[in-house]
Amino acid sequence: MGLREQKKRDTRIALSWAAIRLTVDRGFDNVKVDDIAAEVGVSPRTFNNYFSSKAEAIAARHFERAARIADELRARPSGEPLWEAISNAVLIGAPLDTKAEDSQPDARWVKGVRLMTEHPALRGEFLRAAMAAEEELAGAVAERTGTDVDRDLYPRLVAGTVSTAISASTDLWLRISPPTSYSELLRDALDQVTRGLPAPTA
């Protein structure tokens, strides 16, 4: 990725995070595009170059994580076993805010995130982002396994499984008590998937 492309990607991530932070703090209906742009230090016009709405900006984080994981998977050594490569790629690419994601967020943040994800205006955007994210991951898996994402089930099944592991880990990390490391939860989820999800012992 060139310097220009990296700068654009960094701006996109910053806008998405600003939209999330402000929405958690104020509520979705009390945040304007101007507020998000000001938080990042850009103009509303610049915001509109990246996103068509604040809802799209919020949901973009999910797709950005998938894009990073796909990039990391493509960069893994060709001789590395598939699920080992996927686990390594996810552990590198899934967190977007490593300073926050290895600690337990406060109760106010958790409540805000839950309210945000339940807002009717965001449900459609989250669904679209999730579909795009799985498509991105499936493409990377297909390249690595020599399968065809348009004809074979395998890359789509793998992408869906990885997406579920990330979602389950994130949800549990927000709820679990006492607090635990996000990376450890994600590592555990990927390890269970790699082993074929064996039934837990009593």
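User: Where in the chain is the place of L197?

Analyst: In this predicted model, L197 has its place in the segment after α10 (182–194).

User: Let us turn to helix packing. What describes two packed helices?

Analyst: Two packed helices are described by the angle between their axes together with the distance between those axes. For helix α4 (residues 54–75) and helix α8 (residues 120–145), the angle is about 10° and the axes lie 8 Å apart. Angles under 35 degrees count as roughly parallel, and α4 and α8 are therefore roughly parallel to each other. By class, the residues in this contact comprise 19 nonpolar, 2 polar and 6 charged.

User: At what angle do the axes of α1 and α7 cross?

Analyst: The axes of helix α1 (residues 3–26) and helix α7 (residues 107–118) cross at roughly 105°, and they come within 8 Å. The range from 65 to 115 degrees is the one called roughly perpendicular, so α1 and α7 are roughly perpendicular to each other. The contact of α1 with α7 has 6 nonpolar, 2 polar and 3 charged residues. On the α1 side the residues are W17, I20, R21, T23, V24 and D25, and these meet R108, W109, G112, V113 and M116 in α7.

User: How far apart are R26 and G112 in sequence and in space?

Analyst: R26 and G112 are 86 residues apart in sequence, while their C-alpha atoms are 8.5 Å apart. R26 is found in helix α1, and with a relative accessible area of 39% it is partly exposed. Once residues up to four places away in sequence are set aside, R26 touches V31 and D35.

User: Is A67 buried or exposed, and which residues is it in contact with beyond its neighbours in sequence?

Analyst: A67, which is found in helix α4, is buried, with a relative accessible area of 8%. Apart from neighbours within four places in sequence, A67 is in contact with R9 and E136. The C-alpha atoms of A67 and A142 are separated by 14 Å, the two residues being 75 residues apart along the chain.

User: How many aromatic pairs are there, and what are the ring geometries of F47 with F51 and of W173 with Y182?

Analyst: An aromatic pair is read from the distance between ring centres and the angle between ring planes. The count comes to 2 aromatic pairs. In the pair of F47 and F51 the ring centres are 5.7 Å apart and the planes stand at 50°, so this pair is tilted. W173 and Y182 form an edge-to-face pair, with 5.5 Å from centre to centre and 70° between the planes.

Key
Residues are numbered from 1 along each chain as its sequence is written. This is a predicted model: local features need pLDDT of at least 70, side-chain atom pairs count only at pLDDT 80 or more; totals for chains, interfaces and linings use all residues. Side-chain values use heavy atoms; hydrogens and water are left out. Axes are lines fitted to C-alpha atoms, for helices over the stretch in contact, and angles run from 0 to 180 degrees between N-to-C directions. Helices (H or I, at least four residues) and strands (E, at least two) are DSSP runs, numbered from the N terminus. Angles under 35 degrees count as roughly parallel, over 145 as roughly antiparallel, 65 to 115 as roughly perpendicular and the rest as oblique. Contact means heavy atoms within 4.5 Å. Ala, Val, Leu, Ile, Met, Phe, Trp, Tyr, Cys and Pro count as nonpolar, Asp, Glu, Lys and Arg as charged, and the others, Gly among them, as polar. Rings of Phe, Tyr and Trp (its six-membered ring) pair if their centres lie within 6.5 Å; planes under 30 degrees apart count as stacked, over 60 as edge-to-face and the rest as tilted. Buried means under 20% relative accessible area, exposed over 50%, partly exposed in between (1.4 Å probe, protein chains only).
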